[in-house]
Amino acid sequence: MSHRYIRQTILKDFGVQGQQRLANARVLVVGLGGLGIPVVQYLNAMGIGTLGLVEQDVVDITNLQRQVLYAEKDIGRPKLEVILEKLQAQNSTTNLIPFGTFLNRENALRIITDFDVIVDASDNFATRYLINDACIILNKPFVYGALHDFEGQLSVFNYKNGPSYRCLFPSMPSINEIPNCNENGVLGIIPGIVGNLQALEVVKVVAGVGEVLSGKLLLYNGLNNSFVTINFDRQPKYCDITNLQSSYEDAICSPEHYLSAEELQRSLDNSSSIQLVDVRTAEEFENYCIPGSVNIPLDSLENQIHKIDLTDKVYLICQSGKRSEIALKNLQEQHPKTVFLSIFGGINQFLATCS
């Protein structure tokens, strides 16, 4: 065993055996943002054998206050590309397997099946429920982390016949119930704390040390540094999953309702009359807007619907794509004959790829 890990192997309850288990382990991390970065950094440093990395996003300036592995010079670069460079420089012995994609219904089972432990470091409910269901089908444990404002959550699901994510949260919230990331932020250090706790749970699962957070939801409050643990039981009806759902998004928003930033740019280049509605706040719109776009904040859409030509195609955009998706769902329900398109990744993606 390499002298590199001596500070771990001298631990009585970890030892050479624990280190060997790390070296043999295959861990998949879904998402390389605020949570995923501390997870991959520490697992890579500690000698995990294989790390699978799932990410398709690019580095944006708004990432830098919490996604601390990225630098200003990395803005606009694929996150996966930057992470691979950093991790290879940190530990050249780790087997790094990149997946330059977002996890979806078509690839989830194929990607997850080759790994021992799955880490949910995503930032959306659709991916989380997809991971849960795939892990139940493939009998894989997954380590969950989530963030909101000054708080974090942590648990380990589907571990040794333990509860699943659906035992705690049976069904996905509606789009209107999901907090908007641009209006409900997160203090930069909170993802680091929760992500490190996720990495610790991975080590415990893999090395067989300590007490794994199975059947327990850990709630962390950064404002008073308090930890509260909530116990919950396995519900067999939520663990009997043999197939993935047909969709993990609202059925009204199928792929044809989304447009990439590159496709938007081509539409702008080819037409001077494109109807582009920016649903961000007036303050955000004043700070930056795409020339020719019209600002109708999300909470004003109903009252200002007269400003939209419903006989023509409507392009919807916001900062990250979340609010434009809400606008899409609401408008499509009310005006089913109009074609609405939400720009995937929003202004962030547009600036990263088209400016």
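Start at Leu 51. Leaving aside residues up to four places away in sequence, Leu 51 touches Val 27, Val 29, Val 40, Leu 43, Asn 44, Leu 87, Thr 94, Asn 95, Leu 96, Ile 97 and Phe 115. Contact here means heavy atoms within 4.5 Å. This is a predicted model: local features need pLDDT of at least 70, side-chain atom pairs count only at pLDDT 80 or more, and totals for chains, interfaces and linings use all residues. Residues are numbered from 1 along each chain as its sequence is written, and side-chain values use heavy atoms, with hydrogens and water left out.

Now widen the view. Leu 51 is one of the residues with the most contacts inside the largest nonpolar core, along with Val 27, Val 29, Leu 43 and Leu 53. That core has 44 residues. A nonpolar core is a set of buried Ala, Val, Leu, Ile, Met, Phe, Trp, Tyr and Cys residues joined through side-chain atoms within 4.5 Å. Elements giving two or more residues to this core include β1 (26-30), α3 (36-46), β2 (50-54) and α8 (189-207). Helices (H or I, at least four residues) and strands (E, at least two) are DSSP runs, numbered from the N terminus. The largest share, eight residues, comes from α8. Apart from this core lies another, of 25 residues, with Val 54, Tyr 144, Ala 146 and Phe 232 among them.

Turn to the rings. The structure holds ten aromatic pairs. Rings of Phe, Tyr and Trp (its six-membered ring) pair if their centres lie within 6.5 Å; planes under 30 degrees apart count as stacked, over 60 as edge-to-face and the rest as tilted. Phe 102 and Phe 344 have ring centres 5.7 Å apart and planes at 65°, so this pair is edge-to-face. Phe 102 lies in the loop between β3 (95-99) and α5 (108-112), and Phe 344 in the loop between β13 (340-343) and α12 (346-354), so the pair ties together parts 242 residues apart in sequence. The ring centres of Tyr 220 and Phe 227 are 4.8 Å apart with planes at 40°, so that pair is tilted. Tyr 220 is buried at 6% relative accessibility, whereas Phe 227 is partly exposed at 47%. Buried means under 20% relative accessible area, exposed over 50%, partly exposed in between (1.4 Å probe, protein chains only).

Tyr 144 and Phe 232 return in one aromatic cluster, which they form with Tyr 129, Phe 142, Phe 157, Tyr 165 and Phe 169.
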